[in-house]
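Open the model in your viewer and keep the selection tool at hand. Each stop below says what to select and what is there.

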Amino acid sequence: MGWQKAEKLVIKKLHIEFEMDNDTIHAVKGVSLEIPTGRITALVGESGSGKSVTSLAVMDLLPENGRIREGEIWLKDKPLHLMGKKERRQVNGRGVGMIFQDPGASLDPLYTVGSQITEGIRMKKQVSRKEAYRQGIFYLNAVNLPEPSRLMKMYPFELSGGMCQRVMIAMTIALSPDFLIADEPTTALDVTVQKQILSELYRLSRDENMGILLITHDLGVVAEIADYVYIMRQGQIVEEADTAALFHHPEQPYTRMLLDGIL
């Protein structure tokens with residue numbers, strides 16, 4: 001039986017805590033989110049607000065001293081929060097993929113782009129090496145990387161930051177995930193490359209019907225491509241709304257403060 005596409009990624013009343021030197025840090029406090037397919041949902045807040053921690057919990061990538069104290073994470077009828085490591089590995093990639101803000105650290109410097117993208121495709125899709133290579137070329141081309149055949153033979157250190165980020169997007173979408181978490185995907189990239197990456201995310205949401213959770217502190221980016229926005233502060237959601245409504249009629253003082261920083 002093949003993979004059945006989910007229509008929503010749902011987080012319900014999520015609490016995450018960390019054990020730190022005989023102290024317990026409550027990093028996320030009752031966060032609830034809904035990320036539908038075919039749209040870009042933004043999770044916005046300042047550094048340390050709990051945005052990235054929330055995404056790591058979805059991917060089962062919390063550090064050893066972190067844990068979900070309570071709450072639920074659902075992908076269609078799959079309770080991700082109840083799954084063991086083996087089950088989660090089957091879901092990650094096909095159900096939910098993630099691109100990180102530092103693509104250079106996510107790519108292995110010892111292996112070529114081609115070996116890394118084909119390995120992921122073969123592992124998740126159970127196809128031949130030749131077919132995985134063909135798909136690798138296809139997806140590098142899909143994110144507008146020039147000369148994908150040559151790029152497959154190159155190492156990450158030979159690429160620019162923008163190219164590494166595109167490679168990460170290609171590696172992620174090659175697995176055809178229902179949902180993509182993009183954690184500050186344009187940080188440290190120049191303005192031109194930022195716009196290209198954001199345009200690619202928007203295309204994926206529309207053309208591939210992918211649900212995207214865009215994690216960012218930049219409301220300018222949100223205004224450009226997001227459909228719906230959650231504002232996060234000190235581990236809690238303090239406001240949520242359609243993007244246009246939030247920008248024109250923010251209800252919370254904190255949201256107005258964030259908006260004043262860009263207007």
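Start with helix α7: its 13 residues reach 18 Å from the first C-alpha to the last, close to the 18 Å expected at 1.5 Å a residue. The expected span is 1.5 Å times one less than the number of residues. Helices (H or I, at least four residues) and strands (E, at least two) are DSSP runs, numbered from the N terminus.

This is a predicted model, in which local features need pLDDT of at least 70 and side-chain atom pairs count only at pLDDT 80 or more, while totals for chains, interfaces and linings use all residues. Residues are numbered from 1 along each chain as its sequence is written, and side-chain values use heavy atoms, with hydrogens and water left out.

**Stop 1: along α7**

Select residues 161-173, the range of α7. Is this helix mostly covered or mostly open? It is mostly covered, with 11 of its 13 residues buried. Buried means under 20% relative accessible area, exposed means over 50%, and partly exposed lies in between (1.4 Å probe, protein chains only). Among the buried residues are C164, R166, M168 and I173.

Now pick G161, which also lies in α7. G161 counts as partly exposed because its relative accessibility is 38%. Draw a distance from the C-alpha of G161 to that of T172: the separation is 17 Å, for 11 residues along the chain.

**Stop 2: the sheet beside it**

Helix α7 lies across β6 and β7 and runs at about 175° to β6. Contact means heavy atoms within 4.5 Å. Axes are lines fitted to C-alpha atoms, for helices over the stretch in contact, and angles run from 0 to 180 degrees between N-to-C directions.

Show the strands next. The open sheet has 6 strands in the order β6-β7-β8-β3-β9-β10, with mixed pairing. Its edge strands are β6 (96-99) and β10 (236-242), each pairing on one side only. From one strand to the next, the twist averages 20°. Two strands pair if DSSP finds at least two bridges between them.

Zoom in on β7 (residues 179-183) and β8 (residues 211-216). They run parallel and are joined by 5 bridges. Select L180 and look across to β8: its bridge partner there is I212.

**Stop 3: α4 against α5**

Select 113-125 for α4 and 129-142 for α5. How do α4 and α5 pack? Their angle is about 115°, and their axes are 8 Å apart. The crossing is right-handed. A crossing is left-handed if the near helix is turned anticlockwise from the far one by less than a right angle, and right-handed if clockwise.

Show side chains. From α4, the residues in contact include I117, I121 and K125; from α5, they include R129, Y133 and L140. By class, this contact has 7 nonpolar, 3 polar and 3 charged residues. Ala, Val, Leu, Ile, Met, Phe, Trp, Tyr, Cys and Pro count as nonpolar, Asp, Glu, Lys and Arg as charged, and the others, Gly among them, as polar.

**Stop 4: two positive phi values**

Go to Q126, in the loop between α4 and α5. Its phi is near 55°, positive in a residue other than glycine. Q126 counts as exposed because its relative accessibility is 66%.

Then jump to N22, in the loop between β1 (8-20) and β2 (23-36). Phi of N22 is near 65°, again positive in a non-glycine residue. At 88% relative accessibility, N22 counts as exposed.

**Last stop: T255**

Select T255 in helix α11 (residues 253-260). Buried or exposed? T255 counts as buried, at 0% relative accessibility. Leaving aside residues up to four places away in sequence, T255 touches I231, E239, L246 and P250.
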